[in-house]
Amino acid sequence: MLQPRQLSLLGETMPGAELTPDPGVDHGEVFTRRWVVEFILDLVGFTADKDLGAQTLVEPSCGTGAFLLPIVERLVASSAAHSRDLRTLGSAISAFDLLDANARLARKAVAQLLIEHGLDDEEAGTLVRGWVTTGDFLLYPHDRASVDYVIGNPPYVRLENVEQQTMDDYRKVCPTMRGRADIYVGFIERGLDLLKPGGTLSFICADRWMRNQYGADLRSLITSDYAVDTVVSMHDVDAFEHDVSAYPAIIVLRNEQQRQTAVVEANAKFSEPHAPRLASWVRGNNRTTLAAPSYEATCVNGWFGGRDLWPTGSPSQLALIADLESRFPPLQDEATGTRVGIGVATGCDDVFITTNPDLVEPDRQLPLLRSADTTSGSVTWSGRYLVDPWESSGLVDLGRYPRLAAYLHENEDRLRARHIAKLRPATWYRTIDRIDHRLTGRPKLLMPDLKAAAHPVLDDGSYYPHHNLYYVISDLWDPEVLGGLLLSDITNLFVGAYCVRMRGGTYRFQAQYLRRIRVPDPASIDPLIKHDLAAAFVTRDRTKATAAATKAYGLRDAPDLGRSTVMS
């Protein structure tokens, strides 16, 4: 199986003896199936019934013509329908490839097609030499806002695998290529920059930029200045001539205001016979939800804004998330005084955690809860204490605490060996995280990190959480009512959509994902529903919690979590 980082900078190639570039050299070319190319052209509306000769299309990584040949075929058919002379279409197409061997083969294939439609050798040669350029699309001096379509399959190559000088040049012209980005991030950015108002970009490429940190700047650019028109997830679709471990998706972006977004999840059954109907649905005005054996499709009002990760899941799940995000505030909210955080990381648990209640002064120890203390659904304290070197103003003066001082000095070599102590030698006895004494004495909902489903547990204020527990505190929420909401499958819907599922199918209930959960205003929930939520939390009944939460959110049906809501 071809691995993503092996893909060549050449872009698309066509199979066949006459169209094999650089014989004997493995450039890692990937062959997109013809029907997938036709499907993409249909999605964007590049169809022969339109006067395509009056428009301009860019193919940024043409290889030997996998996209280019169907594009030219449609252009030829459109020209015949609209009485255009093919010889006048020199500005209709602009295609690029990094290797001259590929560009020559693309020109040869397209020229043959033009000759078959009536041009002589010289006329066809003139057109294809103008259409196909040997060069680097990312570094070419394009005119901004000059084209109607940018379509193709950009290369999937890690930026660090590119020569250093080229990498630096790419980053200068494509500022969204941050961190360990793949080169296709730059192709999307540069392609968008070329679009006229109303212009369309569509690529088939890996979808990891939607959910990785390196895609943050690109997501911000898209949601700020462009519209997400269509997303077709094709992870299991046989879209290429050879197996490619690239988690592909088709993305359609437009240079216009964000409106509705068509969201499609195609499965392994999706193939050529199913594509025309789906393309017609995407381009049509009646976008009622479709559930076919080979795909599920729905329409989402708007899209997910900002730099944040785009959620993943079935179309119906994404539609539900978009609806909830449009109607409800996030869990962490100043209006309700609700905050999400993580327990303390000490940097040396062997020293800072003890079972000896008399190890140091009584006010220098806090009862500590770990994830293992919450497995039953209620607190079962293991008898461990946190040695606390902090007070409200900072680290304590060890001179005031002789037992604490003696214990810490006894372990001074181990504590000074930590990275945090080497960075700050004067505070060698600190824990990595500062202990927040505002957490003591107040109720907290605790969420263990790695779980197959949400597992909120109520601490009445007697304990301090360890770093494998996340906490939720609130000024206005009744903790048992909020606990019922967090026990429900709506919490699993949100966390599953934004996190990466770990081996064994567990979710990461980390603060960044918990903050994505949307909740109703506690004052707006009917008292009977509050009662049901609290009762479900106390009895650990997820089914009843989900039923009550469904009413609290004003939903007709409970969320369907039967399909995966996380990345593979």
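Over the ring of which residue does the charged end of Arg516 sit? The ring belongs to Tyr498, and the charged end of Arg516 lies 3.9 Å from its centre. This report covers that contact, the nonpolar cores and the aromatic pairs of a predicted model.

The table sets out both cases.

| Charged residue | Ring | Distance to ring centre |
|---|---|---|
| Arg516 | Tyr498 | 3.9 Å |

In soluble globular proteins, nonpolar side chains tend to be buried together. The largest nonpolar core here has 86 residues, and within this core Ile188 and Trp209 touch the most other members. Helix α6 (residues 183-194) supplies the largest share of the core, 7 residues. Beyond its neighbours within four places in sequence, Ile188 is in contact with Leu201, Phe203, Cys205, Trp209, Leu218, Ile222 and Leu253. A separate second core holds 59 residues, among them Ala103, Leu114, Val237 and Leu290.

Across the whole structure there are 15 aromatic pairs. One of them, Phe46 with Tyr149, is edge-to-face, with 5.2 Å between the centres and 90° between the planes. Phe46 lies in the loop between α1 (34-44) and β1 (57-59), while Tyr149 belongs to strand β4 (residues 147-152), so the pair links parts of the chain 103 residues apart. Phe46 counts as buried because its relative accessibility is 3%, and Tyr149 is buried at 5%.

Trp303 and Phe304 are also edge-to-face, because their planes stand at 70°, with ring centres 4.9 Å apart. Both Trp303 and Phe304 are buried. Elsewhere, ring pairs join Trp35, Phe39, Phe270 and Tyr295 into a cluster.

Methods:
Residues are numbered from 1 along each chain as its sequence is written. This is a predicted model: local features need pLDDT of at least 70, side-chain atom pairs count only at pLDDT 80 or more; totals for chains, interfaces and linings use all residues. Side-chain values use heavy atoms; hydrogens and water are left out. A nonpolar core is a set of buried Ala, Val, Leu, Ile, Met, Phe, Trp, Tyr and Cys residues joined through side-chain atoms within 4.5 Å. Buried means under 20% relative accessible area, exposed over 50%, partly exposed in between (1.4 Å probe, protein chains only). Helices (H or I, at least four residues) and strands (E, at least two) are DSSP runs, numbered from the N terminus. Contact means heavy atoms within 4.5 Å. Rings of Phe, Tyr and Trp (its six-membered ring) pair if their centres lie within 6.5 Å; planes under 30 degrees apart count as stacked, over 60 as edge-to-face and the rest as tilted. A charge sits over a ring if NZ of Lys or CZ of Arg is within 6 Å of the ring centre and within 35 degrees of the ring normal.
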